[in-house]
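Hi everyone, thanks for coming.

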Amino acid sequence: MNDWLSQNRRQYRMILDLTERLMDRGLSPLTTQPASTGSFRTDHTEAVMRLLKGFSPRGVEWPLRIFSTGPLFRAGQRWTEALDVEWVGPIGSAEEQEVLAVVSEMARWLTGEGIDPADLTMVWGHSAWLAALLRALELSPLHQEALRTALSRGRLTDVEALLSSSAPEAVDLFRPQETSAFFRTLRRYAPVSEFYPDEVSWNNRWDLSLTGRRGYYTG
């Protein structure tokens, strides 16, 4: 029991230290509801989006650089503590690089605190790249809608079936890929700018299936 409490103490101290670092970078804390009516909270972003809908866009200085902390419920794991960082509003290449810098700094700090870099994995998605891929594939509107529906429902086998005849190589873009393999495949279809986050502090993976599972990803 004492060992378990000591581990919890260490984890909470790390979360507190990370929140201080985020505030030092100018990010603002946002309190979100721990649960929605009749269900446990399984995701911070959904709660953040619900809260922001209560504010007039004219009263907000965009983009918002915010974070939220608190427990999440995960099936099979029960409760887990999470720190969620959000950038809400217009974003371009400079802002994307700033987001990468924030996450890289957090990863470097975690490894400095004794976390094994092999235990840190960041999986990236990009809704604009998904849109560019679908345009390049020249899929019919009906085909595109079917693919997006499959993504929103997490039915990746349906995505594979939809692409297997028209673009079988593109199927790999909807599975976690290492940086070089992902961009080598994606740039066959769309002239996107490559990202090179700090690979020293963590494992980077890229996966376009992440962009379709939540309604708040608008592109």
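So, what share of the 219 residues of the protein chain count as buried? The figure is 34%, where buried means under 20% relative accessible area with a 1.4 Å probe, protein chains only.

Before going on, a word on what you're looking at: this is a predicted model, where local features need pLDDT of at least 70, side-chain atom pairs count only at pLDDT 80 or more, and totals for chains, interfaces and linings use all residues. Residues are numbered from 1 along each chain as its sequence is written, and side-chain values use heavy atoms, with hydrogens and water left out.

Okay, the overall layout. The protein chain has seven helices and seven strands; these are DSSP runs, helices being H or I with at least four residues and strands E with at least two, numbered from the N terminus. Starting at that end, the order is α-β-β-β-α-β-β-α-β-α-α-α-α-β.

Now zoom in on strand S5, residues 78–88, which contains Asp-84. Is Asp-84 buried or exposed? It's buried, because its relative accessible area is 15%. Leaving aside residues up to four places away in sequence, Asp-84 touches His-44, Thr-45, Ile-66, Phe-67 and Ser-68, with contact meaning heavy atoms within 4.5 Å.

Last stop, a helix pair. Met-14, Asp-17, Leu-18, Arg-21 and Leu-22 in H1 meet Val-102, Glu-105, Met-106, Trp-109 and Leu-110 in H3. By class, that contact has seven nonpolar, no polar and three charged residues; Ala, Val, Leu, Ile, Met, Phe, Trp, Tyr, Cys and Pro count as nonpolar, Asp, Glu, Lys and Arg as charged, and the others, Gly among them, as polar.

Conventions: Buried < 20%, exposed > 50% of the residue type's maximum accessible area, 1.4 Å probe, protein only.
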